[in-house]
Amino acid sequence: MKKTRISLFLFLFVIALSCGEKVVEPPRNLISKEKMTDILHDLALLNAAKTSYSDVLEQKNVEIMDFLFRKYQIDSTQFVESDRYYASLPLEYQAIYEEVEARIEKKRKFIEEDNQKRNDSVRKAQEAKTDSLKKLRKDIKEAS
């Protein structure tokens, strides 16, 4: 019974130690978490644009990844190694993607609100035009 407890304790101790090991060492040129969030945010937006406006991107010869590498002054190796590193830290990776998602949601809400304001402005202008036409017709009828 005592040997079983000791064996179980050692087994759990070894498992606890192995869970604490880093699966992937941080690369020499690790992209900061904030910059990685910016890159992944832009990547998500550009990929969405690619599905809707692929012809425009093709006409302008825009390669999404090349564009991002130039914009953020990184190379493909640095990006892949940093992405792999963050992916090896599930909580960090999740936090990055949650921030990307929050930014996209914020932009979506802003665009929806802007569109709503624009639609309200157009509707008010149309109502004013209709009201002025009704008033003009009424004035013409009264003058006749």
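Predicted model: local features only at pLDDT ≥ 70, side-chain atom pairs only at ≥ 80, totals over all residues.
Three aromatic pairs are counted in the model, and one of them joins Tyr93 and Tyr97 in an edge-to-face arrangement, with 5.1 Å from centre to centre and 75 degrees between the planes. Both tyrosines belong to helix 5 (residues 90–143), where they are four residues apart and therefore separated by about one helical turn.

## Packing of helix 2 with helix 4

Helix 2 (residues 33–59) packs with helix 4 (residues 76–87) at an angle of about 110 degrees, and their axes lie 12 Å apart. The two helices are therefore roughly perpendicular to each other, because angles of 65 to 115 degrees are placed in that class.

On the side of helix 2 the contact is made by Lys33, Met36, Ile39 and Leu40, while helix 4 contributes Phe79, Ser82, Asp83 and Tyr86. Sorted by class, the residues of this contact are five nonpolar, one polar and two charged.

## The protein as a whole

The protein has five helices and zero strands, which gives the pattern α-α-α-α-α when read along the sequence. Among contacts in the protein with a separation of 6 or more, 74% are between residues 24 or more positions apart.

Of the 144 residues of the protein, 18% count as buried. The accessible surface comes to about 11800 Å², and 57% of this surface belongs to carbon and sulfur atoms.

Key. Residues numbered from 1 in each chain as written. Heavy atoms only, no water. Axes fitted to C-alpha atoms, helices over the stretch in contact; angles between N-to-C directions. Parallel < 35°, antiparallel > 145°, perpendicular 65-115°, else oblique. Contact = heavy atoms within 4.5 Å. Nonpolar A, V, L, I, M, F, W, Y, C, P; charged D, E, K, R; others polar. Buried < 20%, exposed > 50% of the residue type's maximum accessible area, 1.4 Å probe, protein only. Areas by Shrake-Rupley, 256 points an atom, 1.4 Å probe, with all protein chains shown as cover. Phe/Tyr/Trp six-rings, centres within 6.5 Å; stacked < 30°, edge-to-face > 60°.
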